[in-house]
Amino acid sequence: MSQKQNITDVLMVGATGSIGRLAVQSAQRHGMRPRALVRDLRRGEELLPGVELVRGDLEDPASLRNAVGGADAIVLTHGSGSDSRADARAHVDYGGVRNILQALDGARPRMALMTSIYATRSDIPGATPWKRRSERLLRASGLPYTIVRPGWFDHVGQTQRRLVLEQGGTADGGIARGQIAETLIRSLLTNTALGKTFELIATEGEEPSDWAELFGALKTDESGSVDGALDPSDLPVDAEPRAVRADLDAIRSPHGTSG
Ligand SMILES: NC(=O)c1ccc[n+]([C@@H]2O[C@H](COP(=O)([O-])OP(=O)(O)OC[C@H]3O[C@@H](n4cnc5c(N)ncnc54)[C@H](OP(=O)(O)O)[C@@H]3O)[C@@H](O)[C@H]2O)c1
């Protein structure tokens, strides 16, 4: 069973990206009205013909206030992949989530955040905790959310359509971009996806038919914790940089978490 909760106006962050464009299409298929946050209106018009655009830069908090206004839901698929700055992940992957949350100024849209497989894996060469930290901000905000950590984009065969949702950070594998986009949008429409964080890969088999059951089989993130269910405990908040702790403190709502 899939329950629509009056989600019409959806702000798409990262809408011009390889997942974002597909998420816009998925939102349209489900009868939503996606609104794309874009840095460059001309690029947005080219990549997203006919889609409502709103200008904003994730690194410019003032530009986001207008963009988030009136959104029933926000889907975040942005990424710093094409940004060569050494601190791009901190500024875009993490800072973008912080700035969107702060721009909400008390509004409570449904949130769907895409991070990545390996988000909690400190043992992977080149790994940084910035996506994990962005997830923590969202949990601490107290907003209704789902966090999707997809596997390797399109590293699957055409017959690998069965979705595998895992928790604990050890999943490995690929998934079609379209299925990542569809999962993000379905999460907005399905009550059993609320408060869940999971890795997402695909294996041999058919597409899901019962999204409520698929999400419902997962553990809910523990209330009061900034981590996802079954996440490793190797990134204690107390040992985080001062600025990260300050962001967490600032984002916590009176009704949010305290861990
Ligand atoms: N490749 C994989 O197998 C894999 C697997 C799991 C997770 N991931 C993660 O997925 C993400 C990439 O997804 P993708 O392929 O959809 O990304 P993408 O095609 O590189 O698109 C990135 C999006 O983020 C937007 N963006 C970047 N900086 C911004 C800013 N300052 N303000 C507003 N928007 C900004 C870009 O907008 P512009 O059009 O303005 O540049 C674009 O829409 C990465 O974070 C990566 O770590 C990748």
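Arg85 and Glu59 pair up in a salt bridge, with their closest N and O atoms 2.7 Å apart. Here a salt bridge is taken as a side-chain nitrogen of Lys or Arg within 4 Å of a carboxyl oxygen of Asp or Glu. The structure is a predicted model, so a word on the ground rules: local features need pLDDT of at least 70, side-chain atom pairs count only at pLDDT 80 or more, and totals for chains, interfaces and linings use all residues. Residues are numbered from 1 along each chain as its sequence is written, and side-chain values use heavy atoms, with hydrogens and water left out.

Back to the salt bridges, of which a search of the whole structure turns up 21. Helices (H or I, at least four residues) and strands (E, at least two) are DSSP runs, numbered from the N terminus. Arg85 is partly exposed, at a relative accessible area of 35%, and Glu59 is partly exposed too, at 33%. For these labels, buried means under 20% relative accessible area, exposed means over 50%, and partly exposed is in between (1.4 Å probe, protein chains only).

Another salt bridge brings together the side chains of Lys131 and Asp93, at 3.2 Å from N to O. Lys131 belongs to helix α5 and Asp93 to helix α4, so this contact ties together parts that are 38 residues apart in sequence. Lys131 is partly exposed at 24% relative accessibility, while Asp93 is buried at 6%.

Elsewhere, salt bridges with shared partners join Arg132, Arg133, Arg136, Asp227, Asp234 and Glu240 into one network.

Now for the strands. Strand β2 (residues 33-38) is mostly covered, with five of its six residues buried. Strand β1 (residues 9-13) runs parallel to β2, and five bridges join the two; strands count as paired if DSSP finds at least two bridges between them. Leu11 has Arg35 in β2 as its bridge partner. To get from β1 to β2, the chain passes through helix α1 (residues 20-29) in a right-handed β-α-β crossover. Right-handed here means that, with the strands pointing away from the viewer, the path from the first strand over the helix to the second runs clockwise.

Strand β2 is also joined to β3 (residues 52-55), again in parallel, by four bridges. Leu37 stands opposite Val54 of β3. Helix α2 (residues 41-47) carries the chain from β2 to β3, and this β-α-β crossover is right-handed.

Further along comes strand β6 (residues 145-150), with six of its six residues buried. Tyr145, Ile147 and Arg149 cover one side, with Thr146, Val148 and Pro150 on the other. Strand β5 (residues 110-114) pairs with β6 in the parallel sense over four bridges, and Met114 has Val148 as its bridge partner in β6. Between β5 and β6 the chain runs through helix α5 (residues 130-141), in a right-handed β-α-β crossover. Five bridges join β6 to strand β10 (residues 196-203), the two running parallel, and Pro150 is found opposite Leu200 of β10.
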